[in-house]
Amino acid sequence: MSEALQKSIQEINKLPGLKKVKDEVKNLVAYLQSSKERKEQGLGEGPALTLHLIFSGNPGTGKTTVARLLAEIYRDLGLINGGKLIEVTRSDLVVAEKGKTAERAADKFNQAIDNVLFIDEAYTLINKNDPNDNGQEAIDELLKFMEDFRDRLIVIVAGYEKNMKDFVAANAGLASRFKRNIVFENYNDLELYQIFYKMCRENNYMIANDASTPVKDACKKVIEITGERYSNARDVRRFFEGCIQSQSVRLSLKKDKTKMDLMMIKKEDIETTINNFS
């Protein structure tokens, strides 16, 4: 296993939570690595395994991050040359004028050749309630590209779990190409705390000793407060940014601030932020 491949796998393993996702990626990489080694030994590649994937789950569960790392893994295994993640949504592909969506989608898909195409909220391309919707043009063009460039284009589609099931079931061409579904589960409060701690570390902040427990309690409240609108890492980022703002307001009243003052997030910053969180 190359050093670059090991690094990408380590980056995925360092992500908080996502145990099932990590297991799926581990199994996929192991199979692809074995297939590569068999080919090198003249044993053939073995049964073909689809590289196109469905990433299903709620917002903020790390789908884009994992897709970006997986693109690098595919490159390191020699499956694609580029290794970049080309991210698009419906607004990048669909236009109101009939016949123009295919042209626009083709421009975007061309950029993804030799890389990984990532279509977020892919289910929005299908709208059976509107016969005049042009999303089907984008899907038809996608299927054409997946066939014409089947050795040079890998596609990952992402969105809410139920919606992605409906998306694939709505078109026989999609169902035949997207056979592997990786489910991204919601983060629990402990995983939110780990994400919060990671954000602090990456941005040169520290958590005061007496603030550690309040942060853990606040992470539970973040889930409770957001309820059905819970957006996982997106919500904990909002909370983190709120803590930074609370710290800034507190420090605005202090003279002769030290480096430690500017780094330290205190208990009162946590409490002020969670009390105003919505």
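Below is a chat about a predicted model of one protein chain.

User: Hi! What's the mean pLDDT of this chain?

Analyst: Remember that this is a predicted model. The mean pLDDT of the chain is 93, and 99% of its residues reach 70 or more.

User: Which elements have the lowest and the highest mean pLDDT?

Analyst: Helix α2, residues 19-40, has the lowest mean among the elements, at 88. The highest belongs to strand β7, residues 264-265, at 98.

User: Okay, how many helices and strands are there in the chain?

Analyst: The chain has 13 helices and seven strands. Its C-alpha atoms fill a box of roughly 65 × 55 × 30 Å along the principal axes.

User: And how much of the chain is buried?

Analyst: Buried residues make up 46% of the 278 residues. As for the surface, the chain exposes about 15,100 Å², and carbon and sulfur atoms supply 46% of that area.

User: What about contacts between residues at least 6 apart in sequence: what share join residues at least 24 apart?

Analyst: That share is 74%.

User: Let's look at a strand. Is β1 mostly covered or uncovered?

Analyst: Mostly covered: β1 runs over residues 53-57, and five of its five residues are buried. Both faces are covered, with L53, F55 and G57 on one side and I54 and S56 on the other.

User: Which strands does β1 pair with?

Analyst: β1 pairs with β4, residues 154-159, in the parallel sense over four bridges. β1 also pairs with β5, residues 180-184, again in the parallel sense, over five bridges.

User: Switching topic: how many residues are in the largest nonpolar core?

Analyst: The largest nonpolar core has 54 residues. The ones with the most contacts inside that core are F55, V66, Y74, F196, F239 and I270.

User: Which helix gives the largest share of this core?

Analyst: Helix α3, residues 63-76, with seven residues.

User: What does Y74 touch, then?

Analyst: Leaving out residues up to four places away in sequence, Y74 touches L28, L32, L51, L53, L79, I80, V116 and I154.

User: What's in the second core?

Analyst: The second core is separate and has 29 residues, including I113, I119, F145 and L153.

User: F145, where does that sit?

Analyst: F145 is one of the buried residues of helix α6, along with others including I139, L142 and M146. What covers the buried residues of α6 includes α4, α5, β3, β4, α7 and α8.

User: Why does the end-to-end distance of α6 agree with what it should span?

Analyst: At 1.5 Å a residue, the 14 residues of α6 should span 20 Å, and the end C-alpha atoms are 20 Å apart, so the two agree.

User: How far apart are the ends of α11?

Analyst: The end C-alpha atoms of α11, residues 233-251, are 27 Å apart. Its 19 residues should span 27 Å at 1.5 Å each, so that agrees too.

User: What covers the buried residues of α11?

Analyst: The cover includes α9, α10, α12, β7 and α13. Among the buried residues of α11 are D235, V236, F239, F240 and R250. F239 is also among the residues with the most contacts inside the largest core.

User: Where are they?

Analyst: E121 lies in the loop between β3 and α6, and D256 lies in the loop between α11 and α12. E121 counts as partly exposed, at 38% relative accessibility. D256 is exposed, with a relative accessible area of 72%.

Conventions: Residues are numbered from 1 along each chain as its sequence is written. This is a predicted model: local features need pLDDT of at least 70, side-chain atom pairs count only at pLDDT 80 or more; totals for chains, interfaces and linings use all residues. Side-chain values use heavy atoms; hydrogens and water are left out. Buried means under 20% relative accessible area, exposed over 50%, partly exposed in between (1.4 Å probe, protein chains only). Helices (H or I, at least four residues) and strands (E, at least two) are DSSP runs, numbered from the N terminus. Two strands pair if DSSP finds at least two bridges between them. pLDDT is the predictor's confidence in each residue, from 0 to 100. The expected span of a helix is 1.5 Å times one less than its number of residues. Contact means heavy atoms within 4.5 Å. Accessible areas come from the Shrake-Rupley method with a 1.4 Å probe; for residues, only the protein chains shown count as cover. A nonpolar core is a set of buried Ala, Val, Leu, Ile, Met, Phe, Trp, Tyr and Cys residues joined through side-chain atoms within 4.5 Å.
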